[in-house]
Amino acid sequence: MLSYNEVQSEDLKKWSFAEVQFNPLALGKCEAIMSLGNGYMGLRSAAEESYIGEKRNLFVNGTFNKFDEFEVTELPNTADITRLDIRIDGTRFSLERGTVTEYERMLNIRDAELVRSFIWEYEGKKIRFEFRRFVSLAKLHQIGLKVSITPLNEGITLVINSGIDGQVSNSGSQHFHEGEKRIYDKTFLELIQTTTESKVDFVHGAAHRLRLNQQEIDAAPKMDIDRRKVAVSYALDVAAGDCLEFEKMATVFTSRDREFAEGTSLDDIRQHALAELKAFHSAGYDPLFAEHQLAWSKVWEQYNVSIQSSNSFDQLAVRFAIYHLVIMTPAHDRRMGIGAKGLSGEGYKGHSFWDTEIFILPFYIYTHPEVARSLLEYRYLGLEGARAKAVENGFTGAMYPWEAAWPSDGEVTPEWGQVDIVTGKQIKIWSGFIEQHITSDIAYAVWHYYKATGDQDFMDRYGYEMIFDTAKFWASRLEWNEAKGVYEINEVVGPDEYKEHVDNNAFTNYMASFNIRLAMEYYHSLQNSNADLFQSLNGKLELEEAMNEWQSKIEQIYLPQPNQDGIIPQDDTYLQKKLIDLTPYKLQSKVGSIFDDYNLDQVGEMQVSKQADIMMLFFLLEDQFTPEVKRANYDYYEPKTLHDSSLSMSTHSILANDFGDRDLAYQLFERASQIDLGPYMYSSDAGIHSASLGGIWECVVLGFAGVRMLGGELHMNPNLPKAWDELSFPLYWQGQRLEVHINRETLTLTANSDQEVQLVIHGNPIKFSTELQIQY
């Protein structure tokens, strides 16, 4: 059971949430939504003591490995450092025995610390436990844990076994060789493992400190070295009323870390790791946590969104989203992307999707452009794999993989998925083969970033090349229909993944056309503004030949047009498919309930959509369609959309707000906010929903505040929900940081310099320096 109210203070309600009742049959949700991390690594929040059904995950970003030739690459679940075997008077401690009172497991997202406390009574003895842990944002390789154990009515004999456990896997797939184990000075534990295929070395370290009533004690440990495991055991008596504190500092380093130059020896890495571990151990939990707190205070200065709402959950939901966006994003290293589950679970194997460019990147574009650039540079490095995929499929240019891992890997989408409920056969996953819109999604993201930031250096180094090469792919992908005299894009999957092997998915066609037109525009502008760069790219990409092809095809690309009712067909056959009553599925309490009654082939023949498809088009390219067409299509497609993808509700919320339907917009925002943080106990077992969390921020800033980039101009059209009195947030635009404050009547903008800012508010062009306040 999750609680958002039974916490310490009114302020803390907006910074924390708690599990107030232990449920051994519902471990996954809290493990995921309370996960800790720093972008370098992510630690799933399994309890220190072990339970059946738990997932003990620790991932290091960018360390992908293939279990064997028949599986795709994934982030390996590396050695566990959180598990403790605690024995009280010879009995293994577990919340599944005895009586538990005053139970609370709370994640404080302001300080990024997980705290679990309770009183455990067993065989007449009452003991107070408190567990604390953090993954340092100040020192990316550091994990800290602290346990306090206080017998309340009788003394106890206590044994704690703790170490580094490599006896873990990715749901059965073991990614590591056996490795080396060492214990230095009976204090510093070390486990070294190497991935089986990618040959990434991992160096794990751990050290412990014990205090009794705040006085450090020297408790000689018993060594415990086993296969893939190194640990120590401490045994001591604790009298009633005494408090034992058990600290554990741990480190993780890999040979893929940016601080180690290529060719750095394993011995050099382990010596560096050991020195860091000794320094962390010497400092102890509290001073290192204080450094971590300070780092997080700077995060909230950078990203803070403040909402004055009659529903305090709204503020918590946005902070929860920002918290997870920060801990999943590898801001430290451009060679790595963001997984669809962040670093909070094994779902989607740590792979990056279009989630990043369309749902997460806007958050960074408008709040921390340097991080946005790093994420786009990851896609630039991925041109190697994208070009290889194009060649493999008989095309030219760059064809980005639907699922991406290490930049050079190319396509890593699994080929087979779940079992068909009707046929009993395993379902083929077609996304890696024919869900191709991601290529233009990435080109769109490059354009979005450039227009919002004015970062010409990025475009010169990376952006132009990405846009030109993706346009080359689309030109080679087009198929000529002689009978209709148009170029088509056939046999694809659009954003609506309930419709496979469709022809002329409107989103795909329009975005491909946008990609090619953008390349043509930049071809001409680059010729005039930077002839040397143009000649360099022309020699690399054969741009003059590509331009001839773009010019010959661009006006003949088939772009589905509105019918007599103003409806643009999602694809060639969608509007001819069967209509059914979707009421039971629109009101579903779990995602995908339609598959309790139909299989994917049957759903493919119905007018039902998994998620926003053509609606995404009206969001991304909104100025290409009239308000009447957008509204007609919204009214037609929204009732047919089940929102079975976590990406869907935020887009529909933004569009509903555009159309003045504030009630529906707020309702969809709330539903999006509850995908992870809401009451559904199994919604996040495989990990949090990273794109949805980006979508929550989009609902607030791009939706209710009405922030858009249209044709290179900043637009704002505030329309707050009825429940909100005020909204404040930072907004970066063209190198300036603006502080935005909106209430029911007034919009106030404050710039961090006196440079003139130009924007459009409710359709009216406005210029200001330093500060602007208007009634709206």
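Which residue in β27 does S309 stand opposite? The first legend below has the answer, and the others move on to further close-ups.

This is a predicted model in which local features need pLDDT of at least 70, side-chain atom pairs count only at pLDDT 80 or more, and totals for chains, interfaces and linings use all residues. Residues are numbered from 1 along each chain as its sequence is written, and side-chain values use heavy atoms, with hydrogens and water left out.

**View 1. An open sheet of 5 strands, with S309 opposite W724 in β27.** The strand order is β20-β27-β28-β29-β32, and the pairing is antiparallel. Strands here are DSSP runs of E with at least two residues, helices are runs of H or I with at least four, and both are numbered from the N terminus. Two strands count as paired if DSSP finds at least two bridges between them. β20 (306-309) and β32 (771-775) stand at the edges with a single partner strand each, so one side of each has no neighbour in the sheet. From one strand to the next, the twist averages 15°; axes are lines fitted to C-alpha atoms (for helices over the stretch in contact), with angles running from 0 to 180 degrees between N-to-C directions. Look along β20 and you will find 4 bridges to the antiparallel strand β27 (residues 724-733).

**View 2. An open sheet of 4 strands with mixed pairing.** Here the order reads β25-β26-β30-β31. The edge positions belong to β25 (708-710) and β31 (764-768), each with a single partner strand, so one side of each is left without a neighbour in the sheet. Neighbouring strands are turned by 40° against each other on average, direction ignored. Strand β30 (residues 757-761) and β31 run antiparallel and are joined by 5 bridges. One to pick out is that of V757, whose partner in β31 is F768.

View 3. I269, R270, A273, L274, L277, F280 and H281 are buried, where buried means under 20% relative accessible area, exposed over 50% and partly exposed in between, with a 1.4 Å probe and protein chains only. Just after α2, G284 takes a positive phi of about 90°.

**View 4. H324, a buried residue of helix α4 (residues 313-328).** H324 has a relative accessible area of 1%. A polar atom of the H324 side chain lies 3.0 Å from the backbone oxygen of I33. Leaving aside residues up to four places away in sequence, H324 touches A32, I33, S35, I688 and L693.

**View 5. Positive phi at E102 and at K186.** Most residues other than glycine have a negative phi. E102, in strand β8 (residues 99-108), has a phi near 55° and is exposed at 54% relative accessible area. K186, in the loop between β13 and β14, has a phi of about 55° and counts as exposed at 57% relative accessibility.

Methods
Polar contact = N/O pair within 3.5 Å; in protein donor to acceptor, adjacent residues only side chain to side chain. Contact = heavy atoms within 4.5 Å.
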